[in-house]
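Good morning. I will take this model from surface to core, and then to the overall figures. Please have the sequence and the coordinates open.

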Amino acid sequence: MASYHPLHLVTVFLCLFGVSLAQLSTSFYSTSCPQVASIVKKVVVDAIEKETRMGASLLRLHFHDCFVNGCDGSILLDDTPSSTGEKSATPNLNSVRGFDVVDKIKSAVEKACPGVVSCADILTMAAHESVVALGGPSWGVLLGRRDSKTASQNAANSNIPPPTSSLSNLISKFSTKGLSAKDLVALSGSHTVGVARCTVFRNRIYNDTNIDSTFARKLQNKCPVVGRNHTLSRLDASTPKHFDNCYYRNLLSQKGLIHSDQELMNGTATATFVKKYVSHPSAFFQDFATAMVKMGNIGPLTGKSGEVRRNCRKAN
């Protein structure tokens with residue numbers, strides 16, 4: 001049976017951040033739902049075996065959840081007659097996916113441990129299992145989050161960095177969430193897997209100057225100035241189905257697909273980290289794992305706050 005065990009990096013974080021991280025624990029469900037890790041892993045691995053892209057989608061769901069009022073599962077809430085949620089926000093509309101996989105996980109977990117495991121924690125575990133399944137690092141997953149009863153479309157529109165972001169905007173958005181420039185570069189490495197729509201990278205391939213000309217022309221054949229808005233292109237054309245450091249190699253050769261990705265080369269500090277991760281993939285894995293732990297601790301609801309949803313798509 002798979003299980004989450006404390007790793008050295010988690011111990012370090014507990015020492016550094018004390019009370020805030022102490023609310024979450026790698027052993028939170030050890031007695032109330034000891035099989036939860038193996039359940040999540042099975043559903044995620046099965047989904048990725050059917051469609052590799054799903055791993056990137058589940059990882060992105062976690063990111064887009066945490067950046068909007070904390071890691072509280074709010075992105076999973078459907079719209080209601082009285083409330084417009086985050087799914088229809090500009091960064092998410094026709095873009096975020098994987099909700100059906102989360103539903104499958106929740107259903108399986110509810111059968112094993114009714115009313116125990118939050119949807120926010122399911123998102124966190126699913127992101128971890130996705131990275132591992134695609135060949136990336138593992139880390140001690142801190143658990144104990146509870147679910148929000150509400151969602152915020154406005155917060156999603158304002159808090160999630162758009163693909164057109166400048167480096168200064170990226171650094172500012174991440175800093176607001178307690179994440180450093182180093183965390184920004186490490187977490188951006190998740191773009192070593194997944195795809196983007198033509199509408200996301202069109203402006204870059206026609207207007208940016210810091211782009212390889214051959215790379216741009218090849219993409220222009222797929223993504224014309226007008227039309228084919230939903231044509232997909234791989235974020236990392238080198239090894240699109242494997243979690244590795246090729247994303248950073250692409251940035252060095254001006255082959256970042258998204259404007260905000262290539263922006264990492266426009267700052268001394270961020271470019272230094274990019275070059276480091278090219279030369280030392282193990283450093284990328286370590287820093288990515290550390291940053292994921294930090295991101296997963298953005299504003300969690302704990303204790304008696306929030307609730308444990310029975311259905312991830314709606315409040316109880």
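I start with a definition: a residue is buried under 20% relative accessible area, exposed over 50%, and partly exposed in between, with a 1.4 Å probe and protein chains only. What we have is a predicted model, in which local features need pLDDT of at least 70, side-chain atom pairs count only at pLDDT 80 or more, and totals for chains, interfaces and linings use all residues. Residues are numbered from 1 along each chain as its sequence is written, and side-chain values use heavy atoms, with hydrogens and water left out.

Take V225. Its relative accessibility is 55%, so V225 counts as exposed. V225 sits in the loop between α11 (213-222) and β2 (232-234); helices here are DSSP runs of H or I with at least four residues, strands are runs of E with at least two, and both are numbered from the N terminus.

Now I211, in the loop between α10 (198-207) and α11. Is I211 buried or exposed? It is buried, because its relative accessibility is 10%. Beyond its neighbours within four places in sequence, I211 is in contact (heavy atoms within 4.5 Å) with R204, I205, A216 and Q254. K149 is 62 residues from I211 along the chain, and 43 Å separates their C-alpha atoms.

On to the interior. A nonpolar core is a set of buried Ala, Val, Leu, Ile, Met, Phe, Trp, Tyr and Cys residues joined through side-chain atoms within 4.5 Å. The largest has 74 residues, and I105, Y248, F288 and M295 are the ones that touch the most other members. Helix α15 (residues 281-295) contributes the most to this core, with 8 residues. There is also a second, separate core of 12 residues, with C198, F201, I205 and C223 among them.

Which residues does M295 contact, leaving aside its neighbours within four places in sequence? They are H62, F63, C66, F67, C71, L179 and L187.

Finally, the overall figures. The protein has 15 helices and 2 strands. Its radius of gyration, taken over C-alpha atoms, is 19 Å; the globule rule gives 20 Å for 316 residues, so the protein is as compact as a globular protein of that length. That rule is 2.2 Å times the number of residues to the power 0.38. The C-alpha trace spans about 55 × 45 × 35 Å along its principal axes. Of the 316 residues, 53% are buried. Among contacts between residues at least 6 apart in sequence, 75% join residues at least 24 apart.
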